[in-house]
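Me: I would like to learn how to read the features of a protein model. Can you take me through one?

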Amino acid sequence: ELAVGRYEIDDGLTLLRQAVALEPDPTRQAALWFEIGHASALKYDGEGFVAALQTALELGAPEAQVYPELAFQTAQRAGMWQRRLDDSLVEGWIERAVAVAPEGTPYRIRALVAKAYWQDDLAAAHAALAIADGLDVVEFRSMGLGAVQSALQETGQFVEAGQVASERAALLPAIADPDHVADALFMTADLYANVGRLADARVVTARLEETVAGLTPHHRVHGLGMRMRLEAAVADWETGRALTQRVEDAVEANLATPCPFNVGLLLLAALSMVYTSDDAGGARLVAKAESIGMVGYGRITVARWLRLAIAHHDLDDLRRRVDSVEPAWLIPGAWELWAAFLDSLALLGERDRIEAEAPQWVRPDAYVAPFAVRALGVVRNDTALLTDAIARFETRGLEWHAQETRSLLDPS
């Protein structure tokens, strides 16, 4: 327990497995396998996590304990498998967790939080928070608030999500678990980017990177991943390029545990290479990303592929990538995808699609807003809209994008 608490997780797992070998009682073996599963989740070993909890079930571990853990860790760490888990499998775990978790218990909180994360279910999130308030444990309240924040963001209620994020942030100093704190910081940095509060997102990301520095390589990839997303969001290609070696080292250190960020980081670094006139370096990083071979995570990586196709002005590849985007991926929280998607549609001249999709984003509290206005300006050939887009980009500190828009007004 002490080793796992220090995030010396491999040492902790070795000791737990030794304990299993010495323990003759099946009930206590089941408890040990449950701990092995939990520790495996902390190091993002999805295969080891599921196998350990299945063994715990076979040895008689209570379903009311195991299924909430299966559901919660999977919903929170959905990318820890080389091939993305089938939705029906995860839905089954969540359904079973909600069915067996006793009312008013921490297990019930985990089950409901999993449901909220996986299904953007605001009612489940509020139910989890209500139980947490009754138990009066700061970690449980933070979990409940995180579920509410996530559901609000993913349903486009950004102002309300920001209020919940502030409430959750006030709890974090009282929480000792750095994995919990890191997850909360990542969620809030992503939310701040979504609503165009990029300076605030940078402050939170700096705290995130400090928090994950002493955890696993997988945690550190998440911290660097958020930072690289922000560099790409503001189109600071020189900084992105300067981080390339750090990106490659972080991904190499994390190859033992699958993660979409292993791929995404390399693609973001490749994009920086292309925009700083190093096509060969970009191609090398793209090849490296493709060699990792993760399957089923298009929802997470497609924005980066769209951006690369735009950077290369490869309209055939861009068409293929746009056609690969599934409607379910275009949710309010997908700020990177929406911005890249609207830019792609504009480059392809997809007026009908832009007229259908862009107006919902012409709002003051969204990173995507200036991209939507620009796309409308391009397909309508409307100078006023393009001028409006420039002003919106400048307000958010997106000068590179503003300059790209100015070039549409004066191609010379």
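**Charges, rings and a core**

Reply: Start with a charge over a ring. The charged end of Arg-77 sits over the ring of Tyr-44, 4.9 Å from the ring's centre. Keep in mind that this is a predicted model.

Me: Which residue lies over the face of Trp-305?

Reply: Arg-321 does, at 4.3 Å from the ring centre.

Me: How do I read two rings together?

Reply: A pair of aromatic rings is described by two things: the distance of the centres and the angle of the planes. This structure holds 10 aromatic pairs. One of them joins Trp-237 and Trp-400. Their centres are 5.6 Å apart, with 85° between the planes. That makes the pair edge-to-face.

Me: Which parts does the pair of Trp-237 and Trp-400 tie together?

Reply: Trp-237 lies in helix 14 (residues 237–242) and Trp-400 in helix 24 (residues 399–409), so the pair ties together parts that are 163 residues apart in sequence.

Me: Is Trp-237 buried or exposed?

Reply: Trp-237 is buried, because its relative accessible area is 7%, and buried means under 20%. Trp-400 is partly exposed, at 26%.

Now take a tilted pair, Tyr-367 and Phe-371. The centres are 5.1 Å apart and the planes make 40°. Tyr-367 is buried, with a relative accessible area of 3%. Phe-371 is buried too, at 0%.

Me: Which residues do ring pairs link into a cluster?

Reply: Phe-158, Trp-338, Phe-341 and Trp-361.

Me: What should I know about a nonpolar core?

Reply: In soluble globular proteins, nonpolar side chains tend to be buried together. Here the largest nonpolar core has 152 residues. Leu-337 and Tyr-367 touch the most other members. Helix 16 (residues 260–275) gives the most to this core, with 11 residues.

Me: What does Leu-337 touch?

Reply: Leave out residues up to four places away in sequence. Then Leu-337 touches Val-302, Ala-303, Leu-306, Val-325, Trp-329 and Leu-330.

Me: Where is Leu-271 found?

Reply: Leu-271 is in helix 16. Leu-271 counts as buried, because its relative accessibility is 2%.

Me: What is Leu-271 in contact with, leaving aside neighbours within four places in sequence?

Reply: Trp-237, Arg-307, Leu-308 and Ala-311.

Me: How far apart in space are Leu-271 and Val-286?

Reply: They are 9.0 Å apart, C-alpha to C-alpha. In sequence, 15 residues separate Leu-271 from Val-286.

Technical notes:
Residues are numbered from 1 along each chain as its sequence is written. This is a predicted model: local features need pLDDT of at least 70, side-chain atom pairs count only at pLDDT 80 or more; totals for chains, interfaces and linings use all residues. Side-chain values use heavy atoms; hydrogens and water are left out. A nonpolar core is a set of buried Ala, Val, Leu, Ile, Met, Phe, Trp, Tyr and Cys residues joined through side-chain atoms within 4.5 Å. Buried means under 20% relative accessible area, exposed over 50%, partly exposed in between (1.4 Å probe, protein chains only). Helices (H or I, at least four residues) and strands (E, at least two) are DSSP runs, numbered from the N terminus. Contact means heavy atoms within 4.5 Å. Rings of Phe, Tyr and Trp (its six-membered ring) pair if their centres lie within 6.5 Å; planes under 30 degrees apart count as stacked, over 60 as edge-to-face and the rest as tilted. A charge sits over a ring if NZ of Lys or CZ of Arg is within 6 Å of the ring centre and within 35 degrees of the ring normal.
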